Amino acid sequence: MYQAEYLKHFIEEVFLAIGCSAEEAALASTVLISADLRGVDSHGIARLAGYVRLYDNGRLNPTPDVKVVYETPSTAVVDGDRGLGLVVAPKAMEIAMEKAEKVGSGWVSVRNSNHFGIAGYHAMLALQKDMIGWTMTNAAPLVTPTFSLDKLLGTNPLAVAVPAFEEPAFVADFASTAVAYGKFEILQRKGLPAPLGWAQDSEGNPTTDSNAVKSGGGLLPLGSDREHGSHKGYGLGAIVDIFSGVLSGANFGPWVPPFATAGFMSANEGVGLGTGHFLGAMRVDGFRPADEFKHDMDKWIRAFRGARAVEGKSVIIPGDPEREMEAIRSVEGISLLPPVVESLSELAKRFNIAFENRID
């Protein structure tokens with residue numbers, strides 16, 4: 001178990017060591033540790049070594065010139081200059097919110113970026129200004145569309161954050177696949193099989209092999225198979241890819257470059273620039289008075305939370321599990337798997353940074 005603040009400081013020191021500015025190292029560490037705090041371990045500090053490998057491979061620019069390359073009053077395209085997606089995405093969301101303040105909504109498509117961590121963090125930035133936040137990103141091709149043997153899409157997550165008045169915000173944050181690939185990495189570290197419905201093997205058969213994607217298989221879209229609605233997950237993933245990649249001029253489909261932890265993948269010749277994101281902000285008072293809307297969101301949330309549930313269960317609101325986990329981990333600390341600790345220890349040795357503040 002490790003204190004969240006200690007891990008955040010360690011992440012910041014690593015990003016400083018590869019040349020990031022103090023401001024951007026602090027921002028990137030905040031985004032990354034937010035994943036661990038919210039229980040999304042697949043996108044937290046376990047990914048830190050992957051960002052360093054992106055830097056080692058010349059794919060990550062630690063001092064990017066993030067800039068708008070095209071815009072209208074309500075839209076923009078941002079070039080991330082190969083920067084940390086952990087930094088590029090929040091900056092793009094700030095632009096979206098600035099536009100929303102002026103004209104009611106703002107929509108920003110991003111190219112030439114990298115992995116941006118958990119989508120929910122960026123969507124939740126809009127909550128501070130009584131706005132609804134939308135975020136999505138494309139990712140390396142690990143996913144086989146319905147009936148396909150070829151991997152053509154990424155896990156392509158999307159998140160929507162909606163403010164309420166007294167109730168916690170509604171925050172839906174999910175991949176368009178059965179699970180994110182990071183869940184497979186966790187199973188691989190533990191030497192465990194994957195649940196049926198997460199992946200298919202190289203011949204298109206359902207499999208529980210947590211290494212199947214490395215062996216020529218692929219992740220399955222939400223729904224897992226056609227009979228259970230995989231065409232809907234495929235459609236969601238395609239929408240994310242088009243908005244994030246085709247709309248911005250980033251790579252899309254099978255050309256999205258792999259994250260550095262996916263060492264079994266090789267990048268195809270690109271059709272655009274880097275990884276793409278899409279972020280949006282909508283002013284609630286562009287539709288109705290914000291307080292009226294938020295009071296009605298309270299009613300909506302309470303209706304669902306109070307629904308009759310099967311024995312031993314309760315109906316949850318999107319964002320509840322992450323919020324509850326954050327409350328626990330902020331106090332009790334964050335548990336890291338031995339392979340993650342080993343990876344962080346190697347980074348500490350390389351950059352001469354202390355890594356030892358374990359909670360006994």
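View 1. Arg 82 has a relative accessible area of 34%, so Arg 82 counts as partly exposed (buried is under 20%, exposed over 50%, partly exposed in between; 1.4 Å probe, protein chains only). The model is predicted: local features need pLDDT of at least 70, side-chain atom pairs count only at pLDDT 80 or more, and totals for chains, interfaces and linings use all residues. Residues are numbered from 1 along each chain as its sequence is written, and side-chain values use heavy atoms, with hydrogens and water left out. Arg 82 sits in the loop between β2 (75-79) and α4 (helices are DSSP runs of H or I, at least four residues; strands are runs of E, at least two; numbering starts at the N terminus). Its phi is positive, about 60 degrees, although Arg 82 is not a glycine. Most residues other than glycine have a negative phi.

View 2. The loop here runs between β9 (218-219) and α7 (230-246). Ser 224 is partly exposed, at 24% relative accessible area.

**View 3. Helix α3 and its cover.** Helix α3 spans residues 48-56. Its buried residues are Leu 48, Ala 49, Gly 50, Tyr 51, Val 52 and Leu 54. Among the elements that cover them are α1 (4-17), α2 (22-37), α4 (85-103) and α10 (338-351) (contact means heavy atoms within 4.5 Å). Gly 58 follows α3, with a positive phi near 75 degrees.

**View 4. His 122 in helix α5.** Helix α5 covers residues 119-124. His 122 has 0% relative accessibility, so His 122 counts as buried. Leaving out residues up to four places away in sequence, His 122 touches Val 31, Gly 85, Leu 86, Ala 89, Pro 90, Met 93, Phe 116, Thr 135 and Leu 279.

**View 5. The largest pocket.** The volume of the largest pocket is about 800 Å³. Of its 45 lining residues, Ser 42, His 43, Thr 155, Ala 175 and Ala 180 are the closest to the centre. β6 (170-174), α6 (181-190) and α9 (320-332) each supply at least two lining residues. The largest share, 5 residues, comes from α6. A pocket is an open set of points on a 1 Å grid over the protein atoms alone, where a 1.4 Å probe fits, with protein on both sides within 12 Å along at least five of seven lines; lining residues have an atom within 4 Å of a point. Volume is the space filled by probe spheres set on the points, which are joined across faces, edges and corners.
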